[in-house]
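Here is a short report on how two chains meet.

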Amino acid sequence: MSFPLLKQTFKSNFAVWGLVTLVMNIILGQLIMMKQTQAIVGPMFYGMLVSTIIALFVVISGNKLLAGQVDQGSMAYILTAPIKRSTVALTQIFYFVGSLIVTFGLLTATGLVVNNLADAGFHSQVIVDLNLGALLVALAFAGIMFAASGIFNLSKFAFSTGGLLVITFILLAIIGSFADYGVKGLESIQHLTIVSLFDYKNIMVEGVKWLPKLVFLGGIAATTFGIGTIAFVKKDLPL
Amino acid sequence: MRSIIEITALTKDYHKQRGIFDMNLTIKQGEIVGIVGQNGAGKTTTMRMLMGFIKPTSGHSTINNLNTWQQSAKTKKFIGYVPGEIAFPDTKSGTTFLQTQLELLHAAKDDYVNELIQRFKIDLTADIKRMSKGMKQKTALVCAFMTKPPLLLLDEPTTGLDPVMRETFIELVLKVKANGTTVFLSSHMFNELERTCDRILFLKNGQIIDTLNQERIAALHHYQRVTIQTTDSNSAQQLLQSNFEVTRFDANQRIVTLVIAENQTQLFLELLQHIHIKDIDFATQTLDNYFEKELARN
């Protein structure tokens, strides 16, 4: 890993990361705080909002980590230093995964604290597990975006593959969720999106089915991060 | 002197005759080698292969005996690089850019960096996104030179520089040359190559078709290019039929350009006595003219 590069990456992504993290914490805090909205913390926040908001950060930063800098040409300066391409990729992955862990760590803390303050009655374990699930969705998204970013030299291609795939998964999850509100015919759509591997309903009833599904999400993340790294190491760079 | 760059049968085939083909080249330590050619001739491809940014289709190249593709990261310790297209990372100003770059290179800002900044008269406080092309180019040059690398790979290092700064650049190259630095640069500006390079390679369609060493560069100056506009076509015909080399002929305007060697002056003056001259112009042959001729021939 390259510490100077990590610092540079952290700085250049700080604004979008900070904003997304702040917004998610405020929304979650508000929802748990008020009696009327506590019921939608599960279906609304963890079922839809959390993956939609984090996708903003994932898509924007995921592109910037590799493809954006190759497209712009500034990657030349990183690779002028005696740093292996694999080190560059691993450093960017470390940042990406690390920043998402921090985001959901903060979100867990906010959830626990506000739950306590407002006496909302969620079990602490449920709050922790919900955030773990949301984190794994975010990591899978991040992996997909990173793979696109590693494969392509142009931002537009990274966005139109990785970004589009992430958005499609979110849209399918939203459409699929209508099944919960009476449109039974849409239930099958839930099988088309990786977002449904985060089984928040099962977590909320403290079941056991949700954990193996999260392992699957972890597998997607590991594979796609691997693909991105290998592609970036092997390809020709127009720098 | 030991060789620092070794290029062996290096090929990068982009198809449709683009890329570079079967290139062989050795550059010794302390040598300054220039590479010229039209757009698309393969200059940047050559530089990128040496930087390990692109994988050769076949053949290989080494820097200090390290393979430039497989051991690219290790070779970077010896290289200062100016890319053909300058684009800086997201950062505030030139100062912050140079700072992060020094960190990446595990170097500290020393007097030499300041000297370079002053030499090129760079305002590093300026917003990096609003920098002019010339300012960016100068910042990139400082970046390449600042760690005193033993090898400099410079892809069109003087684009966007004004004549004064081009002069500064030439002085700097000559200065680092005196310290034994090896420089491999591509350029469109023949006169700067002429003053700095030990060797100039002429690249066309991905192949080195001609190499000029110092002697051959010096020999170019022993020729005059004389451009004559005659008053009548008869005189023009006489010029064309003379024994001198004709490099240009415009039948409409009756303009003929001849190349005259130093020892042919007397013969040439005799020829002129029979010609009705409207206008005449003398110029020493330069690399520009030479390569123009070369291009036309091939």
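The report covers the basis of the model, the contact between the chains, and the cysteines.

## Basis

This is a predicted model: local features need pLDDT of at least 70, side-chain atom pairs count only at pLDDT 80 or more, and totals for chains, interfaces and linings use all residues. Residues are numbered from 1 along each chain as its sequence is written, chains are lettered from A in the order in which they are written, and side-chain values use heavy atoms, without hydrogens and water.

## Interface

Chain B brings 28 residues to the contact and chain A brings 27 (contact means heavy atoms within 4.5 Å). About 2,300 Å² is buried between chain B and chain A; this is the accessible area (1.4 Å probe) that two parts lose on being put together, summed over both. Carbon and sulfur atoms give 59% of that area.

Between chain B and chain A there are 2 salt bridges (a Lys or Arg side-chain nitrogen within 4 Å of a carboxyl oxygen of Asp or Glu). One joins K7(A) to E103(B), at 3.1 Å from N to O. On the chain B side, β6 (79–82), α3 (94–104) and α5 (133–145) each supply at least two residues (DSSP runs: helices H or I, at least four residues; strands E, at least two). The most come from α3(B), with 5 residues.

## Cysteines

C143(B) is buried, at 8% relative accessible area (buried: under 20%, 1.4 Å probe, protein chains only). C197(B) is also buried, at 0%.

Conventions:
Buried < 20%, exposed > 50% of the residue type's maximum accessible area, 1.4 Å probe, protein only.
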